[in-house]
Amino acid sequence: MKKYDLKKVLTWLGFMLHCPVCNVKYDFSSIKIVDSESDAQTGEARLLIHSDCQKCKSSVMFNIDINGPDIFTVIAKTDLTSKDSAKFSKYPSLDIDDCIKVHNSLNAFDGDFIRALKK
Ligand SMILES: [Zn+2]
């Protein structure tokens with residue numbers, strides 16, 4: 001049963017991960033774990049990490065899946081700061097009903113932003 005030392009994983013990630021915008025290496029202090037889970041039986045782990053680039057000030061979310069010796073990373077640029085991501089991670093996920101409400105609102109919208117924003 002493999003147990004992951006998250007601090008060691010983050011140190012390694014800080015060495016390996018680069019900003020996709022300016023290519024500068026991330027500083028360990030700029031990496032924050034938003035969510036994590038691991039399965040002691042399979043040795044699999046998943047991390048959701050947020051990082052702010054000190055150089056270009058862009059923010060990036062990394063979804064990292066660790067499966068034995070294999071590490072898979074998906075990178076998404078975001079306009080959420082690390083403070084925002086901590087705040088919004090407490091809210092429930094959007095569901096299909098939320099998407100339908102937005103779709104119906106946009107379908108009914110006549111394009112008059114001045115009137116819509118005065119409400
Ligand atoms: Zn950058």
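What radius of gyration does the protein chain have, and what would a compact globule of 119 residues have?

1. The protein chain has a radius of gyration of 19 Å, whereas a compact globule of 119 residues would have one near 14 Å. The radius is taken over C-alpha atoms, and the globule rule is 2.2 Å times the number of residues to the power 0.38. Along the principal axes, the C-alpha atoms fill a box of roughly 55 × 35 × 20 Å.

2. This is a predicted model, in which local features need pLDDT of at least 70 and side-chain atom pairs count only at pLDDT 80 or more, while totals for chains, interfaces and linings use all residues. Residues are numbered from 1 along each chain as its sequence is written.

3. The chain comprises four helices and four strands, in the order α-β-β-β-β-α-α-α from the N terminus. Both are DSSP runs numbered from the N terminus: helices (H or I, at least four residues) and strands (E, at least two).

4. Ser30 lies in the loop between helix H1 (6-16) and strand S1 (31-39). Ser30 counts as partly exposed because it has 17 C-beta neighbours inside 10 Å; a residue is buried with 20 or more other C-beta atoms within 10 Å of its own, exposed with 12 or fewer, and partly exposed in between, with C-beta atoms placed from the backbone. Leaving aside neighbours within four places in sequence, Ser30 is in contact with Ser51, Asp52 and Gln54; contact requires C-beta atoms, placed from the backbone, within 7 Å.

5. Of the 119 residues, 12% count as buried.

Methods. Two residues are in contact if their C-beta atoms, placed from the backbone, lie within 7 Å.
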